[in-house]
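Reader: I should like to go through this protein with you, one question at a time. May we begin once the structure is displayed?

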Amino acid sequence: PGAVTVRTATLAAEVDEDIVFLKIDVEGHEAAVIQGMGDYFDRHRVEFVMLEQNPTQMRKQGYGSAAELWAFLHSKGYDLYDLRLMEFEAKAGPGPAHVVLTDHNKWNRPTGFRELEQWFRPPQAASPWGAWTDVLAVRRPR
């Protein structure tokens, strides 16, 4: 097997309209995706951005801190939520089982983003890739 050529493009070059939900899962390259969007956040509304984010891999890839990326999204009008702080559990009800949000934090993770990034140092033992989190950025109403 030889080399495979793959065409790449930025989201801004391919899409010129508002987006309801943008999912980014790129194993530590989240900052490159956001940077590649250029001024997209100024020209269009992106209602929700979900990042599966690995701060350890971001640093290894040379993209700086996760907290800087979170601060950038906040400056663009987003409120951010660490979804790994929200535990879900199935509850039996009168009908089929349903899922409800619990309020416990079994990992004792910090709630502030700067503190959360520090929590990832040193890399967590869960994986050689380090620990990860899901961050949901929700666009604040204008």
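**Helix, sheet and confidence**

Reader: Which residues of α5 are buried, and where do they lie on the helix?
Author: In this predicted model, Ala-66, Ala-67, Leu-69, Trp-70 and Leu-73 of α5 are buried. Viewed along the axis of α5, the buried residues fall within an arc of 160°, so they line one face of the helix.

Reader: In what order do the four strands of the open sheet stand, and which of them stand at the edges?
Author: The pairing in this open sheet is mixed, and the strand order is β1-β2-β6-β3. At the edges each strand has a single partner, so one of its sides is left without a neighbour in the sheet; these strands are β1 (19-24) and β3 (78-82).

Reader: In which sense do β3 and β6 pair, and over how many bridges? What angle does the direction of α5 make with that of β3?
Author: Strand β6 comprises residues 133-139, and its pairing with β3 is antiparallel, over five bridges. Within this pair, Leu-80 stands opposite Ala-137 of β6. Helix α5 (residues 66-75) packs on the sheet and touches β2 (46-53), β3 and β6. The angle between the directions of α5 and β3 is about 140°.

Reader: Which element of the protein has the lowest mean pLDDT?
Author: The protein as a whole has a mean pLDDT of 77, with 68% of its residues at 70 or more. Over residues 95-102 the pLDDT is below 50. Where pLDDT is low, predicted coordinates should not be read in detail. Among the elements, β1 has the highest mean, 95, and the lowest, 46, belongs to strand β5 (residues 98-102).

Note on methods: Residues numbered from 1 in each chain as written. Predicted model: local features only at pLDDT ≥ 70, side-chain atom pairs only at ≥ 80, totals over all residues. Heavy atoms only, no water. Pairing = 2+ DSSP bridges. Helix = DSSP H or I, 4+ residues; strand = E, 2+ residues; numbered from the N terminus. Contact = heavy atoms within 4.5 Å. Axes fitted to C-alpha atoms, helices over the stretch in contact; angles between N-to-C directions. pLDDT = per-residue confidence, 0-100. Buried < 20%, exposed > 50% of the residue type's maximum accessible area, 1.4 Å probe, protein only. Arc of directions from axis to C-beta.
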